[in-house]
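Please look through the structure below with its sequence at hand. The text that follows takes it one part after another.

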Amino acid sequence: MELKSEDVQEYLSYQGNPVREQFPSLNQMVYGKPLIYLDNAATTQKPWKVINAVQEYYTTINSNIHRGVHYLSQKATDAYELSRTTIATFINAKNSREVIFTKGTTEGINLVADCFSRYGITDKDSVIISSFEHHSNIVPWQMLCDKTGARLKVIPMNEDGELLMDDYKALLDDTVKIVAISYVSNTLGTINPIKEIIDLAHQIGSAVLVDAAQAVQHLAIDVKDLDCDFLVFSGHKMYGPTGIGILYGKEEWLEKLPPYQGGGDMIKTVSFVKTEYNELPFKFEAGTPHIEGAINLKVAIDFINEIGLEQIAAFEQGLMSYATTAVQEIPGVNIIGRAKAKTGSLSLSVTGAHPYDIGVLLDKMGIAVRTGHHCTQPIMDFYCIPGTVRASFALYNSTLDVDRFAEGLKRAVNMLV
Amino acid sequence: MTINEKQDELVEEFEFLSDWMDKYEHIIGEAKELPEMQEDLKQDKYIIKGCQSKVWLYPEYKDGKLYFKADSDAIISKGLVGLIVRVLSGYTPEEIQTADLYFIDKIGLKEHLSPTRSNGLLAMVKQIKLYALALSTANKVQQ
């Protein structure tokens, strides 16, 4: 079923959600109950378009890229590079040389952290992250600090899960070389004032990496407007294939930094005396990449563009406030993360019940949520809880899903408390 | 009653609970019946860490038999722990070491013992067997 823009409002109405029909995996029973999928911050389901495109790739143009002069290799290379251009347009990059294919967000962050660690960082320098980063935006920087002796500084947050901007300003001094920060928190759903964070860092000459893994599927992103130096995200959280992601980097930064991994495709000439590296973006793409994933990420982005991120954002905002109201009415439920600006994830705890127990019971009711620390253990320490129950939304969810979730939650709480 | 007779008793108990929610209701009931573990026994050396829930396991060796006290911070884990303790507590190390825990599979809760479940249960069963192994080896040396 193709979406026409004039139909979108109707499709995305609260009376159920026909976009859902495009996602075959949602149409199944688990434990004899219809599946309610609310674990979208972990990964999203895939639309027919992407699923069909995967098959089409392997049945028509599968071959290695950038190497062969033969027909199929040309076809695959064209499709791969067309995807890069589409992604550049999607995030409004200056050109496609600024778009590097990676395995995902984690690899993007590791790439930048590793390259930075070999780019003149010393024990006089520091790196800033926030207190609600995913482990993938903590550990690579700790590794950089171990290697270089640089100091890791952490922006604190308040009880609502909002960053304390005055404390952030106080951390900014001339030792700061890079600020690595999530646009949207995967656990709390908080949307950071990312533009202000970037501007402040630039004022003291620090680079900024934005982890957009939980943002890119919910909010329109314009890297020129944000003026971030790096931005990373994953394909599988935005209806695309798993194992593919994007690192955006300003051309001048990507030119300056040393390469990440060595191998084929990232070189111009190799001899045992000296190797000359390839130009951007290939300098950072050693080895045969996830060609099919890269090509079909474009299909996922086309799918998002057909609906439009503004429409998606408005719809998901509606779902978030509907869900917040619904769960708040259940006795014992505490919402974890009450930032004014939120998207994607709704975390909660229940007084007297362990999140694991709630997750097990919801699962048996056919409701998929995530329980635990969500790879953000420092947040759990902050709130002194073992974990949260997290419902996270996508464009195919509806208020019916939320109703089922709220009913299930109520039933689980009654059984446990 | 042998370990297997106890397992069969449990299988029978669960046989009438066809709905998942009834099964879990029963497990939660089991947790609530499990004798409280004294707080001073909840030491780090008795903790078995899962990714999501913690399990404490305290072994006692009396008159040639191994007894266990257990607890968990999650009630479903605690109920499952209670079932395992009910089956294995009060037997000789040799009996425990060679026991085949088939009841979990038979009552449809096998998934809780999968290594990916990370609730500490699989590690707990391993730990029980390890205590039993250590004691039975020590017994053999003494003989």
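In what order do the strands of the 4-stranded open sheet in chain A lie? In this predicted model, the order is S13-S14-S17-S16, and the pairing is antiparallel. Strand S13 (333-336) and strand S16 (370-372) of chain A each have a single partner strand and stand at the edges, so one side of each has no neighbour in the sheet. On average, neighbouring strands are turned by 30° against each other, direction ignored.

One pairing to look up is A:Ile336, whose bridge partner in S14(A) is A:Ser347. Helix H12(A) packs on the sheet, where it touches S14, S16 and strand S17 (388-392) of chain A. The direction of H12(A) makes about 45° with that of S17(A).

Helix H12 spans residues 355-364 of chain A and contains A:Asp357. With a relative accessible area of 1%, A:Asp357 counts as buried, because the cut-off is under 20%. Beyond its sequence neighbours within four places, A:Asp357 is in contact with A:Leu416 and with B:Ala74, B:Ile75, B:Ile76 and B:Ser77. A polar atom of the A:Asp357 side chain lies 2.5 Å from the backbone nitrogen of B:Ile75.

In chain B, helix H3 (residues 75-88) packs against helix H2 (residues 20-33) at an angle of about 75°, with the axes 7 Å apart. H2(B) and H3(B) are therefore roughly perpendicular. Among the residues that meet are B:Tyr24, B:Ile27 and B:Ile28 in H2(B) and B:Ile75, B:Ile76 and B:Leu80 in H3(B). By class, this contact has 8 nonpolar, 2 polar and 4 charged residues.

Definitions and conventions. Residues numbered from 1 in each chain as written. Chains lettered and ligands numbered in written order. Predicted model: local features only at pLDDT ≥ 70, side-chain atom pairs only at ≥ 80, totals over all residues. Heavy atoms only, no water. Helix = DSSP H or I, 4+ residues; strand = E, 2+ residues; numbered from the N terminus. Buried < 20%, exposed > 50% of the residue type's maximum accessible area, 1.4 Å probe, protein only. Polar contact = N/O pair within 3.5 Å; in protein donor to acceptor, adjacent residues only side chain to side chain. Contact = heavy atoms within 4.5 Å. Axes fitted to C-alpha atoms, helices over the stretch in contact; angles between N-to-C directions. Parallel < 35°, antiparallel > 145°, perpendicular 65-115°, else oblique. Nonpolar A, V, L, I, M, F, W, Y, C, P; charged D, E, K, R; others polar. Pairing = 2+ DSSP bridges.
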